[in-house]
Amino acid sequence: MKTPKSRKLWRIAKEYIPGGVNSPVRAFKGVGGDPVFIKMGRGSHIYDVDGNRYIDYVLSWGPLILGHAHPAILKAIKDASRLGTSFGAPTEGEVELAKMITGIYPSMEKVRLVNSGTEAAMSAIRLARGFANRNKIIKFEGCYHGHVDSLLVQAGSGATTLGVPDSSGIPIDSVKDTITLPFNDLDSVHAACKTHGRDIACLIVEPVAGNMGVIPPKQGFLEGLREITARYNIVLIFDEVMTGFRVALGGAQELYGVKPDMTTLGKIVGGGLPVGAFGGRRDIMEKLAPTGTVYQAGTLSGNPLAVACGIATLKILSKGNVHKRLEKMSRDLSRGLKEAADKSGVKVFQTRVGSMLCLFFTEKKVVDYKTALSSDRTKYAVYFHNMLKRGVYLAPSQFEAAFLSTAHSEDDINKTIRAAQEAMRKIKA
Ligand code: PMP
C-alpha cells in the first residue's frame, strides 16, 4: 500500500490544523502511524487520495447506515439545494422529519433538531435540569455524550466520586454536580440515589455503550435504571446518538423495551449531514423556549439540506427488512472474526449488538470501562494496521465500534474475514 499523497497532505495539515485533524481520533494516536486522506466513498468502500480502496467499517463513525453516496441521499440533497441552502425560518421538511422521528420513537412526543450529538446531549441536560429544578446528573464511566463540559468526566475512583474533568479548560465547578458510576452496575446507582436522589435532575446513559468498544447492557440494567429513576423523579435520558436507527429502527429502547423520558439522537438521523435531535415527554419538552423558560437555539438548526438527507435515510430504513439483513451480515462477520482469532490462538472477547461490533484483545469478560481497559492496545494496533494494509478500514482505536451498512455485501464480509485470518497471525508472531 503506497500513500505518498496522504503523507504529503498530512505534513501540510499539521501546519494549519491543530494536530492535523478536525476531531482527535482521526489522527491515529490510538494505533500509531499516519492517517490516510480519503477522497471518496461508494457503497461499502472508501478510496484514499492515492487510489487505495478499503472496505469501510467506520462509516463516518456510524451515520452512513446506507453506505457511501447512496443515490437516494444524493438526490435528496440535490433537490433540496435547488431551493436554497438555509433560511433560518420554519420549513416543511422540519415538520416531516419531526413527525417521522416521533412516529418511530413513541417516547419522543416532541423533538427539537440541532446540529450534532454534542448539542443534543448538552441541550437535553440543560432541559432536564430546568424541568426538574435540580442540579446533579448521573453518567457512566466510559460513556461518551459529546464534548459537553459537564459530561466530559473520566472515571472517578469509588462508586459515587463526584466529577473530575477529563480535559483542561473545564472549570471544576462545571463538573462538581456530575456523578460518575460504573456501567452495568445497578447497586452503585441505588447507592448514589439513596444519598443524592432528590438533588439529581437526570441520568444519562448510552443504552448500548459504544464509546469504550461495544458493551451491551446486562440483562435488567436498563429496566433497573427505569425503575430507580422513576422512584426518585429523575429524568432518564437514553443517548441514542449511536444506537438510534441502528440496533433497531426504534433504537435500543425498542430492542430492549425500556421507555426513557428523553432521548438524544445524531449520526443516522442526518444520514451523513449534520443533524442531532433531542426529544421526550411532552411536559418536559414544553419547558423549552419559546414555550418554556429553558433557552436553546441554533442559526442552522433544521437546515433544509440536512433535514432532506435525514428524511431520505429514515424512509429507506423504515421499509422493512433492512435491520434483519444487517443482523445476519453482522452475525456472519463477527463469527468469522472470532474464528480467525481462535485459529491463531489470539485471545479476544467479542461483543455485538446488531450492526455494532467490537473485538477486545483480552481474556477478561468486558462489561464496563475497567474491564474494557484490560484490552491489549498494542495487539489492536497490529491488527488495525494489518487490516488496513489488506484493504479493510477499521476505527483507529480499540475503544470504538465497527459498523456495517446495507451496502456491505457477502463478498465484503468474506474478504474481511480472510484479511483478519492473516492479520491475526501477525499478532501471534
Ligand atoms: N453521544 C454518543 C453516544 C456518541 O457516540 C457521540 C459521538 N460519537 C456523541 C454523543 C457526540 O456526537 P457528535 O460527535 O455528533 O457531537
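Helices in these legends are DSSP runs of H or I with at least four residues, strands are runs of E with at least two, and both are numbered from the N terminus. The model shown is predicted.

**View 1. Lys 2 in the segment before α1.** Lys 2 belongs to the segment that precedes helix α1 (4-16). Its relative accessibility is 67%, so Lys 2 counts as exposed, the cut-off being over 50%. Leaving aside neighbours within four places in sequence, Lys 2 is in contact with Asp 50 and Asn 52. Lys 2 and Lys 389 are separated by 387 residues in sequence, while their C-alpha atoms are 9.5 Å apart in space.

**View 2. Domain 1 and domain 2.** The domain assignment of the protein gives domain 1 as 4-69 + 321-428 and domain 2 as 71-317. The C-alpha centres of the two domains are 26 Å apart. In the contact between them, domain 1 takes part with 28 residues and domain 2 with 35 residues.

**View 3. Helix α4 and its ends.** Helix α4 covers residues 117-132, which is 16 residues. At 1.5 Å a residue this helix should span 22 Å, and its end C-alpha atoms are 22 Å apart, so the two values agree. Just after α4, Asn 133 has a positive phi of about 55 degrees. Buried residues of α4 include Gly 117, Thr 118, Glu 119, Ala 120 and Ala 121. Further along the helix, Ser 123, Ala 124, Ile 125, Leu 127 and Ala 128 are buried too.

View 4. The structure holds ten aromatic pairs. One of them joins Phe 140 and Phe 183, whose ring centres are 6.2 Å apart; their planes stand at 85 degrees, so the pair is edge-to-face. Phe 140 lies in strand β5 (residues 136-140) and Phe 183 in the loop between β6 (178-181) and α6 (186-196), so this pair ties together parts 43 residues apart in sequence. Phe 140 has a relative accessible area of 0% and is buried. Phe 183 is buried as well, at 1%.

The rings of Phe 140 and Phe 221 have centres 5.6 Å apart and planes at 70 degrees, so they too make an edge-to-face pair. This pair links distant parts of the chain, 81 residues apart: Phe 140 in strand β5 and Phe 221 in helix α7 (residues 221-231). With a relative accessibility of 2%, Phe 221 counts as buried. Phe 140, Phe 183 and Phe 221 form one aromatic cluster.

**View 5. Arg 226 in helix α7.** Arg 226 is found in helix α7. Its side chain reaches the backbone oxygen of Lys 259 at 2.9 Å. Neighbours within four places in sequence aside, Arg 226 is in contact with Ile 234, Leu 236, Val 258, Lys 259, Pro 260 and Asp 261.

**View 6. Residues 155-161 and model confidence.** The average pLDDT of the protein is 95, and 97% of the residues score at least 70. Over residues 155-161 the pLDDT stays under 50. For these residues the model has 15 contacts beyond four places in sequence. Where pLDDT is low, predicted coordinates should not be read in detail.

Key:
Residues numbered from 1 in each chain as written. Predicted model: local features only at pLDDT ≥ 70, side-chain atom pairs only at ≥ 80, totals over all residues. Heavy atoms only, no water. Phe/Tyr/Trp six-rings, centres within 6.5 Å; stacked < 30°, edge-to-face > 60°. Buried < 20%, exposed > 50% of the residue type's maximum accessible area, 1.4 Å probe, protein only. pLDDT = per-residue confidence, 0-100. Contact = heavy atoms within 4.5 Å. Expected span 1.5 Å × (residues − 1). Polar contact = N/O pair within 3.5 Å; in protein donor to acceptor, adjacent residues only side chain to side chain. Domains from an automatic or database assignment.
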